[in-house]
Amino acid sequence: HGEKWAANLWVWNAPRSGFPGSPKNQEVVDRNRAAGKSPDDGQKKATFTNTKTDERMRNADLYFQDTFWSKFGFQDTVLYVNTYEGHQWNVKVGDNILKTFVIDKKPNQMYSI
C-alpha cells in the first residue's frame with residue numbers, strides 16, 4: 001500500500017509581469033520603449049456579472065470553452081478574469097449553453113447575463 005507524494009513546482013527565469021505590483025526592470029522597460037517595443041502581451045481583463053434578472057440564470061456556471069471556471073448563479077459574486085482576444089466564455093445551466101461571450105480587442109470588457 002504505501003504513501004503517494006506529489007508536488008508541482010513552477011519556475012520562472014525572470015520576474016513575472018501582469019499582476020499589480022509586479023517587479024519591473026526599469027532599464028529593460030526604457031530600452032524596449034526606445035526600440036518601439038510594446039509591453040502589451042495582448043492580455044485582456046473581463047468582468048462577468050449575473051444581474052439576477054433572468055430566472056434561467058439562477059444556477060448558472062461560467063466555462064472557459066468547455067472547462068468549468070466558476071459558479072455564476074444568483075448567490076455568486078462578480079467574476080474577474082484575465083483572458084485573450086478570441087477566447088470563448090460560455091454560461092451554462094446543466095449541460096445547456098445559454099450564453100456565449102467572445103473576447104474582442106478592447107483591453108477591459110464587461111459582460112452581463
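Predicted model: local features only at pLDDT ≥ 70, side-chain atom pairs only at ≥ 80, totals over all residues.
Trainee: Let's begin with strand pairing. In which sense do β2 and β3 pair?

Mentor: Strand β2, residues 61-64, and strand β3, residues 67-71, pair in the antiparallel sense, over 4 bridges. Look for Asp61, which stands opposite Lys71 in β3. The hairpin of β2 and β3 has 2 residues between the strands, and Gln65 takes a positive phi near 55 degrees there.

Trainee: And in which sense do β1 and β7 pair?

Mentor: Those two pair in the parallel sense, over 5 bridges.

Trainee: How should I read the two faces of a strand?

Mentor: In a regular strand, side chains alternate between the two faces of the sheet.

Trainee: Which residues have the most contacts inside the largest nonpolar core?

Mentor: Nonpolar side chains tend to be buried together in soluble globular proteins. Here the largest nonpolar core has 15 residues, and Phe48, Leu62, Phe72, Val91 and Ile113 have the most contacts inside it. The elements giving two or more residues to this core are β1, β4 and β5. Beyond its neighbours within four places in sequence, Val91 is in contact with residues including Leu62, Phe72, Phe101 and Ile113.

Trainee: Why does Ser70 count as buried?

Mentor: Ser70 counts as buried because its relative accessible area is 18%, and the cut-off is under 20%. Ser70 lies in strand β3. Not counting residues up to four places away in sequence, Ser70 touches Asp61, Leu62 and Leu79.

Technical notes: Residues numbered from 1 in each chain as written. Heavy atoms only, no water. Pairing = 2+ DSSP bridges. Core = buried A, V, L, I, M, F, W, Y, C linked by side-chain atoms within 4.5 Å. Buried < 20%, exposed > 50% of the residue type's maximum accessible area, 1.4 Å probe, protein only. Contact = heavy atoms within 4.5 Å.
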